[in-house]
Amino acid sequence: MAFGVKATCRAMHQNNSPIILSFLHKGFSEITDEAVGKSLHAYYIKNLHRLSTFHANTLINMYSKFRKFQAARYVFDEMPHRNEATWNTMISALVRVSLYPDAFLLFSQMRAQGFETSAFAIASLLTGCTASQVMVHQGFQIHGLILKNGFLDNVYAGTALLNFYAGYGFHSCARGLFDRMPEKNVVSWTSLMVSYSDQGDFMEVINLFRKMRSEDVDCNQNTFTTVIGSLEDDSLGRQVLGHVIKFGYENDLSVANSLVSMFGNSGRVQEACYVFAHMSVHDTISWNSMISAYARNNLYKDSFHCFNLMRCVHENLDSITLSALLSVCGSIDNFLWGAAVHGLVHKLGFDSNLLICNTLLGVYADTGRRKEMIKLFEEMPEKDLISWNSLIAGHVQEGEGLDALNVFIKMLQSANHVTFATVLAACSDPAEAEILHALVFTAGLQNNLIVGNALVTMYGRHRMMWKAARVFERMPRWDLVTWNTLIGGYADCEEPDHAIRVFNLMRRQDEATNYITMVHVLSSCAAPSYLLSHGTPLHAYVIRTGYDSDDYVKNSLITMYGKCHDLDSSTRIFDGFVNKEYVSWNAMLTANVHNGHGEEALKRFSEMNKTGVHLDQFSYSAALAAAASLSTLEEGQQLHALTFKFGFDSYQYVMTHITDMYGKCGEINDVLKMLPEPNIRPRVLWNILISAFARQGSFQEAREAFDEMVNTGLKPDHVTFVSLLSACSHGGLVDAGLEYYSLMTRKFGVDVGIEHCVCVIDLLGRSGRLLEAEKFIKNMPVPPNNFVWRSLLAACRIHGNSQLGKLAADHLLESNPSDDSAFVLYSNVCATSGKWDAVHDLRVEMESTNVKKKPACSWIKIKRKITSFAIGDKSHYQSNEIYGKLNELKKMIKEAGYVPDTSFALQDIDEEQKEDHLWKHSERLALAYGLIHTPQGSDLQIFKNLRVCGDCHAVFKFISKIERRRIILRDPFRYHHFSDGKCSCGDYW
């Protein structure tokens with residue numbers, strides 16, 4: 001037999017194949033072609049030669065490598081003699097073909113036959129336990145054998161044990177084991193990196209990589225693949241890329257695929273294309289990575305071009321390919337592409353693929369196709385947590401919070417942190433918030449970072465910031481999202497001091513900030529009183545830290561200065577933009593509207609339109625708000641037509657502004673036409689309706705609208721009661737107003753705000769109940785502000801209470817020594833009481849402190865041209881005709897019974913001069929001009945920037961009857977509809 005083997009070997013040496021030549025010393029171990037291996041095995045069988053134990057072992061390994069388990073087992077069973085390597089190789093073969101229980105059975109047989117337990121067998125069995133994901137207890141037993149046999153120091157057994165603990169999610173055990181290992185190889189380091197990567201701790205992956213390199217451990221392709229997949233920083237990416245080139249892995253397929261993904265994720269598509277183009281071979285993962293790189297950067301046309309190229313040169317597309325394509329179809333513009341891909345999914349038989357179905361759910365949710373989303377979900381043969389979470393998210397995005405909660409209840413037992421984060425976003429009721437928070441504890445997710453962030457967001461949305469702060473304090477750790485969410489919550493709840501306090505705490509703890517942090521903290525400064533204390537120091541910080549180059553931050557600065565009534569600073573920042581995007585324009589439009597510069601806002605909107613700047617729903621909403629503030633119906637109607645033309649009438653936000661515009665322009669019939677049916681009408685539209693009725697003087701209709709709203713089951717909010725109390729105030733409904741104020745907290749649970757208090761003071765003050773108003777101020781649940789004292793001072797002017805008026809004026813001037821309204825109103829109080837010396841002293845003080853009175857101004861629009869008048873104005877080219885018309889009107893109404901009320905001429909002059917002064921009021925000049933230039937019997941609409949005086953109100957009533965005209969006078973507070981000698985306000989305003 002020995003002679004036969006030697007003869008066979010001599011015959012084989014005559015063949016020049018390197019595999020054949022190395023067979024004697026290496027057996028079947030280097031054979032990479034299954035056919036060659038089988039032929040060689042057949043050669044031996046034909047010549048009746050038995051393989052040596054060594055060659056038989058390599059043959060078992062070869063067959064297991066080609067997944068020919070039956071052949072490997074046949075060789076094993078036919079061997080007359082087996083050594084330790086034979087058993088280890090066969091155990092490894094069983095693990096390789098996923099026959100894990102058989103591997104353990106063979107291991108027991110090996111030990112029963114007296115063979116020593118080896119580190120190699122231990123490593124193989126642990127690999128099987130990890131891969132099975134159901135053999136955790138067997139893994140623990142193997143750990144015991146490792147300790148018993150002293151294999152903990154063996155790098156292979158130790159690394160396999162580390163893999164086992166990491167694979168089952170015992171990450172702290174894996175780290176502890178790693179730290180105790182006396183010897184670590186590249187596989188040990190990489191296994192721990194994979195463990196941290198799987199739990200999303202990418203920074204620890206990078207830290208391990210740095211430590212590994214500091215200990216001179218060489219990397220392999222798996223190391224680089226793991227590290228590259230964990231990179232979130234460009235500078236680190238360049239360093240790792242240098243190591244890749246240094247170790248010569250730049251042409252490795254898996255490493256190159258990871259580089260394409262890394263560059264795509266960081267927005268560097270050109271670099272991703274470069275790596276992809278220079279790869280010598282592409283597999284399905286390569287193509288998927290490139291398609292995903294385009295998709296993540298919203299280059300949907302490039303994604304589909306790459307996909308078409310892939311189909312031409314590479315046939316093996318998979319579910320990830322189609323899922324990546326679908327990911328760019330989650331917008332209304334790209335939905336047709338998504339529908340086409342869905343058709344391809346059906347054609348290729350991927351209908352039941354879970355990954356693709358989940359991605360399709362996301363596409364339908366993002367494009368607002370809730371019916372299709374629900375139908376797809378119901379037809380899915382298999383669903384996982386992602387499927388349920390996607391369905392919940394779809395309901396949330398469509399504002400169907402109740403449906404989202406119903407789905408959540410169905411799958412509560414299997415809910416994870418993503419489920420809770422999604423359903424917390426759907427919570428629209430504070431009572432539901434408490435229940436969901438309790439369920440978070442029941443599920444043991446109270447320490448989960450994502451859930452914690454969602455809880456902070458939810459409580460902030462419900463304006464329950466004290467609970468949001470408590471959640472924040474109890475969280476075991478915070479990330480940037482946590483800090484930003486808390487600051488943003490305080491900003492949205494108009495608590496700037498708390499927002500700044502959290503921001504300063506963040507800085508003291510050396511927490512990194514980003515542009516979102518700055519946007520949130522700047523948005524908290526929403527009133528002039530916070531500009532010097534918070535706003536300008538924050539602007540200085542923005543400049544010092546370089547955030548002034550960020551467009552989002554600059555837009556927030558425009559908004560902040562606009563809200564703080566520093567429009568010059570807003571304009572200066574806006575003018576500093578090199579390329580103005582529509583978001584910056586929108587911020588500037590809103591700033592102008594907020595500061596009462598509606599005309600300037602409309603001019604800028606027109607400029608946007610002419611220069612081709614993209615107009616979105618917020619552009620139209622800001623322009624509509626400008627038209628509403630000016631009560632310019634014609635411009636508002638033109639904007640309404642444009643929103644319809646360009647498809648923005650489908651946006652509820654825009655339609656709300658259109659309805660509000662008609663309400664503020666006095667077109668109550670148009671408001672009623674715009675409103676949906678009461679049972680589907682949102683609260684914001686009910687608020688607009690109540691406010692519109694109040695502004696028109698239809699106080700009973702305002703109350704009826706409130707009752708109807710409550711009967712539909714809607715709960716009134718803060719704004720509802722401001723409108724309702726304002727209606728009662730202007731209508732003289734004192735008792736009804738006080739009852740509503742009581743019901744607000746007692747029945748409806750709406751917290752008292754400063755705006756409600758101002759309405760109550762106005763309500764009491766107008767009716768002459770000044771002592772009650774003063775008592776109310778002392779017992780208010782919120783500190784009084786300037787609006788409170790100004791409302792009281794205005795009531796004192798009406799009723800001539802100089803003592804209480806002085807108290808109110810002192811409070812106003814203490815807060816703002818340059819407040820012209822305080823000087824003017826108190827001067828009028830003194831003038832009404834005949835205290836002319838006090839009036840003189842106040843005017844001297846105004847001159848010495850350079851306080852300018854806001855001049856009265858009225859305007860009228862005729863044939864698309866606005867003509868404005870100041871008091872006693874003679875600048876108009878038709879001045880003689882206007883004053884002539886006034887004299888004619890004066891004569892006519894005196895004959896009809898008009899008697900001038902000279903108490904409204906607040907000057908120390910004789911009665912005749914006082915009457916003459918009254919006839920120079922700006923609204924009378926505008927009325928005369930309108931009567932001259934419009935046909936007999938047509939309606940007139942006049943606007944005034946200040947409250948109309950009582951004598952002008954009487955004049956307008958007389959003229960409406962004599963001229964048989966319907967005259968509408970709009971002052972800052974309401975509409976007066978004069979017709980046939982009467983006013984809609986009933987002489988109470």
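Which residue in strand 4 does Ile942 stand opposite? Ile942 faces Leu969. The model shown in these views is predicted.

View 1. Strand 3 (residues 940-944) and strand 4 (residues 967-970) run parallel and are joined by four bridges. Within these two strands, Ile942 is placed opposite Leu969 of strand 4.

**View 2. Helix 13 covers residues 186-198.** The end C-alpha atoms of this helix are 18 Å apart, which agrees with the span of 18 Å that its 13 residues should have at 1.5 Å a residue. Just after the helix, Gly200 adopts a positive phi of about 80°. The buried residues of helix 13 are Val186, Ser188, Trp189, Thr190, Ser191, Leu192, Met193, Ser195 and Tyr196. Their cover includes helix 11 (155-167) and helix 12 (171-180), as well as helix 14 (202-214) and helix 15 (221-230).

**View 3. Gly805 is a buried residue of helix 50.** The helix comprises residues 802-815. Gly805 has a relative accessible area of 0% and therefore counts as buried, the limit being under 20%. Leaving aside residues up to four places away in sequence, Gly805 touches Leu793, Cys796 and Tyr826. Thr482 is 323 residues from Gly805 along the chain, and the C-alpha atoms of the two are separated by 49 Å.

**View 4. Lys861 and Glu634 form a salt bridge between distant parts of the chain.** Their side chains meet at 3.4 Å, N to O. Lys861 belongs to strand 1 (residues 857-862) and Glu634 to helix 40 (residues 633-645), 227 residues apart. Lys861 is partly exposed, with a relative accessible area of 25%. Glu634 is also partly exposed, at 26%.

**View 5. Asp819 and Arg790 meet in a salt bridge.** The N to O distance is 2.6 Å. Asp819 sits in the loop between helix 50 and helix 51 (820-832), and Arg790 in helix 49 (residues 786-799), so the contact ties together parts 29 residues apart in sequence. What is the relative accessible area of Asp819? Asp819 has a value of 6% and is buried, whereas Arg790, at 24%, is partly exposed.

**View 6. Glu911 and Lys914 pair within helix 54.** Their side chains make a salt bridge of 3.8 Å, N to O. Both residues lie in helix 54 (residues 911-918), three residues apart, which is about one turn of the helix. An α-helix has 3.6 residues a turn, so residues three or four places apart point the same way. Side chains of opposite charge can pair when their charged atoms come close. Glu911 is partly exposed, with a relative accessibility of 47%. Lys914, at 12%, counts as buried.

**View 7. Glu34, Lys38 and Lys68 belong to one network.** The three residues are joined by salt bridges that share partners. For the model, the count of salt bridges comes to 28.

Note on methods
Residues numbered from 1 in each chain as written. Predicted model: local features only at pLDDT ≥ 70, side-chain atom pairs only at ≥ 80, totals over all residues. Heavy atoms only, no water. Pairing = 2+ DSSP bridges. Buried < 20%, exposed > 50% of the residue type's maximum accessible area, 1.4 Å probe, protein only. Contact = heavy atoms within 4.5 Å. Expected span 1.5 Å × (residues − 1). Salt bridge = Lys/Arg side-chain N within 4 Å of Asp/Glu carboxyl O.
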